[in-house]
Amino acid sequence: MLRGGVPIGRAFGVALRLNYSWFIVFALVTWALAFGYFPTVHPRWSLATSITAGVITSLLFFGSVLAHELSHSVVAQSMGIPVRSITLFIFGGVSEITQEPKSPRDEFRMALAGPMCSLLLGGIFWAISYLRGVPEMIPAIAFWLGWINIFLGVFNLIPGFPLDGGRVLRSLLWWRSGNLRGATRAASGIGRGVGYLFIFGGIWFIFTGNWFNGIWLALIGWFLESAAAGSYRQLLMQEMLQGHTVSEIMTRDCLVVPPDLSVEQLVNEHILKSGRRCFPVVRDGHVEGLVSIHDVRAMPREAWPTKRVNEAMIPFDKVKWVTPDQDLASVMSLLTEDDINQLPVVQDHNIVGMIARDNLLSFIRTRTELGI
Ligand SMILES: [Zn+2]
């Protein structure tokens, strides 16, 4: 859900995207401001003025959310942690940061950057709302944006992982104990607790008649709880994979294909018969590339009889690979980061096997079922 979105450009080397849910929220916020908030606070305004103010305010609001996320990114990048993209979605923004921070100090600064940005923006808008002698719309818009930014800053400082405040807490626990795993476990436990508090608070609101706020609160709580539980599951998975190597679970009986095979033959004689999804392309014991169902699908059907495998494959120098003694936890993050399904296992320039997401999942499943 968080991956999809409409690209809207780049800033500081980070790709910016709008998730589809964003459009719904944008419309809702604009509508609530234009027909609810502004007409109530400024009853003398014309409908056109209220609508204009509503649109400008909600654009600046989403700009503020973006600024919050960008400040996380800029601090992360200044510490050498790459940030691939920022997606604005229903509850705000999500930065796709592909690495865990290297030290508690880094995490502390990275996590705090966002809320600090929101509080700073809140202060600036709040100051603007006291300006006199300017068109009435300016202080009116700034007043709402001031409070909403202060709210964003404070809300994100709630110490439940994966909220920013939870990350701050995790960095402090990590700094005290020197144990990232233990710190993540504690912080995500508190995150789940905060999520349940929100859900119960929401239910209480619903039963006392304030159902609109109740539903919102419960939804946010549910989102927080599942995000925290997700981070904890990921930690458990990492722990299970840690200390095991690729050679333990890779597929060894690698089916290889020659480069001058036609794509049609690859499909009929290899993919359909073996059920495998990915084949090393090998000539005279030398690996030239890797061809997968994905590459075949990218080629029009009518070209299959005439095109050769080496025209469809990914050349070896562009292929990502792992070594037999590599840690499974690092393989999992490689697969997730690049959203790929399998990697060749390479030793001394030879493909000695393949490792797929399925291998990792069945490794985890078996251990979970045995209770190990
Ligand atoms: Zn943040």
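Select the buried residues of helix α5: Asp164, Gly165, Gly166, Arg167, Val168, Leu169, Arg170, Ser171, Leu173 and Trp174. Buried here means 20 or more other C-beta atoms within 10 Å of the residue's own, with C-beta atoms placed from the backbone (12 or fewer is exposed, in between is partly exposed). This is a predicted model, where local features need pLDDT of at least 70, side-chain atom pairs count only at pLDDT 80 or more, and totals for chains, interfaces and linings use all residues. Residues are numbered from 1 along each chain as its sequence is written.

Now show the whole of α5, residues 164-177: 10 of its 14 residues are buried. Helices are DSSP runs of H or I with at least four residues, strands are E runs of at least two, and both are numbered from the N terminus. Just past the end of α5, click glycine 178, with its positive phi of about 70°.

Next stop: α2 (residues 47-78) against α3 (residues 104-128). Ser64, Ala67, His68 and His72 are among the α2 residues that meet α3, where the partners include Met110, Ala113 and Cys117; contact means C-beta atoms, placed from the backbone, within 7 Å.

Finally, jump to β8 (residues 342-347) and β9 (residues 350-356), an antiparallel pair with 6 bridges; pairing takes at least two DSSP bridges. Pick valine 345 and you'll find its bridge partner, glycine 353, in β9. The two strands make a hairpin with 2 residues between them, and aspartate 348 in the turn has a positive phi of about 45°.

Conventions:
Two residues are in contact if their C-beta atoms, placed from the backbone, lie within 7 Å.
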